[in-house]
Amino acid sequence: MSGPNTNYDPVQVSPLDDDHVQAMVDEALAAIAAARTTAELKAVRIAHSGDRSPLALANREIGALPPQARKDAGQRVGRARGLLGGAIAERQEALAAAELDAALIAETVDVTLPVALAPQGAVHPITAMMDMMCDVFLDLGWEIAEGPELEAEWLNFDALNFTPDHPARWLSDTLFVEPTQNHTLMRTHTSPVQARALLARDLPVYVVCPGKVYRADEYDATHLPVFHQLEGLVVDKGISMAHLKGSLDHLARSLFGDGVETRLRPHFFPFTEPSAEIDLKCFVCHGASVGDPDNPCRTCRSEGWIEWGGCGVVNPRVLASAGIDTEIYSGFAFGMGIDRTVMFRNSATDLRDFVEGDVRFSRSLMGDAR
Ligand code: PHE
């Protein structure tokens with residue numbers, strides 16, 4: 001370090017002499033050349049040409065020199081700084097270019113590589129069956145009718161001719177929604193859509209209504225508290241039970257193949273008269289297993305027929321409550337479980353599989369339908 005220049009004796013400050021400056025430059029150039037990344041180069045720049053680099057510190061000594069020596073030293077340091085600045089800029093450019101090339105290579109996307117496809121969902125078997133059943137009727141020119149799942153007790157029961165004390169209204173079957181004095185419930189069947197369709201539509205009416213229904217049932221292999229029905233309703237001039245039978249047979253053949261027909265067994269529903277239960281001819285054995293113990297049929301349990309749903313000629317009281325002239329118009333209605341239909345058509349044995357959401361179940365079951 002230099003002391004104060006008290007006696008004006010020309011003092012050569014050693015850090016500023018030629019050898020020293022050259023040594024600093026050589027060292028810096030070596031470090032610049034050795035930097036392998038722009039980050040390393042940045043550190044080199046700070047160390048060798050930053051404010052606290054040996055060169056900058058030496059430069060501070062210039063002021064202590066006599067005029068000529070100051071000029072020489074100034075030029076020397078100036079040249080050295082210029083040289084380092086140029087070398088750093090050049091190295092920076094080369095390293096940055098190399099880094100860009102490396103990044104472009106590393107990040108290259110081969111668009112021809114096979115990709116792992118994200119697992120896809122599948123149409124739920126009930127949705128698929130619902131669509132299939134509706135399509136059968138849409139092809140005949142019928143329309144889809146819909147109604148709410150939260151329904152007025154009046155439409156679910158009264159408009160359908162259920163008496164006030166009918167057992168189906170009991171709390172044990174029906175999920176009433178509080179406050180009960182509002183008389184709303186989760187619909188127990190899709191039949192209230194019959195009443196809604198008749199009130200809302202012009203005659204003639206040809207509709208199918210698919211949808212969810214609710215009953216206070218246990219959750220087990222053969223019962224779900226929420227299941228699905230397909231309702232059909234026709235009101236037109238001159239409609240009879242024969243039209244009903246023909247429509248059901250057409251649905252049966254469309255879903256289960258030629259040769260499958262339906263059978264009607266007398267039954268009772270308040271909203272149809274006469275009423276019947278619908279049986280489906282077994283689409284596996286076509287009845288051949290009946291009375292043949294050597295060839296049992298698992299699908300119909302060798303009964304030849306499978307229970308499918310309910311139906312009948314629309315009770316004139318139902319038509320009248322919708323303001324329809326029963327002297328001119330008549331109709332038929334039917335309703336069947338969609339879940340049940342999938343169950344025996346696709347050999348599903350446990351209804352709980354329908355709600356547990358395993359996509360493999362949907363895929364395996366509907367593989368043939370979609
Ligand atoms: N709604 C009846 C049920 O849920 C089925 C049905 C529909 C019967 C239409 C007759 C007519 O069991």
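Start with Cys282: its closest cysteine sulfur is in Cys300, 3.7 Å away, and that is too far for a bond. The cut-off for a disulfide is a pair of cysteine sulfur atoms within 2.5 Å.

Some ground rules. This is a predicted model, where local features need pLDDT of at least 70, side-chain atom pairs count only at pLDDT 80 or more, and totals for chains, interfaces and linings use all residues. Residues are numbered from 1 along each chain as its sequence is written, and side-chain values use heavy atoms, with hydrogens and water left out.

Are these cysteines buried or exposed? Cys282 is buried, at 0% relative accessibility. Cys297 is buried too, at 6%. Buried means under 20% relative accessible area, exposed over 50%, partly exposed in between (1.4 Å probe, protein chains only).

Now cavities. A cavity is a set of points on a 1 Å grid over the protein atoms alone where a 1.4 Å probe fits but cannot get out; lining residues have an atom within 4 Å of a point. Points join across faces, edges and corners, and volume is the space filled by probe spheres set on them.

How many cavities of 30 Å³ or more are there? There is 1.

Definitions and conventions. 1 Å grid on protein atoms, 1.4 Å probe; cavity = no way out; pocket = protein on both sides within 12 Å on 5 of 7 lines; lining within 4 Å.
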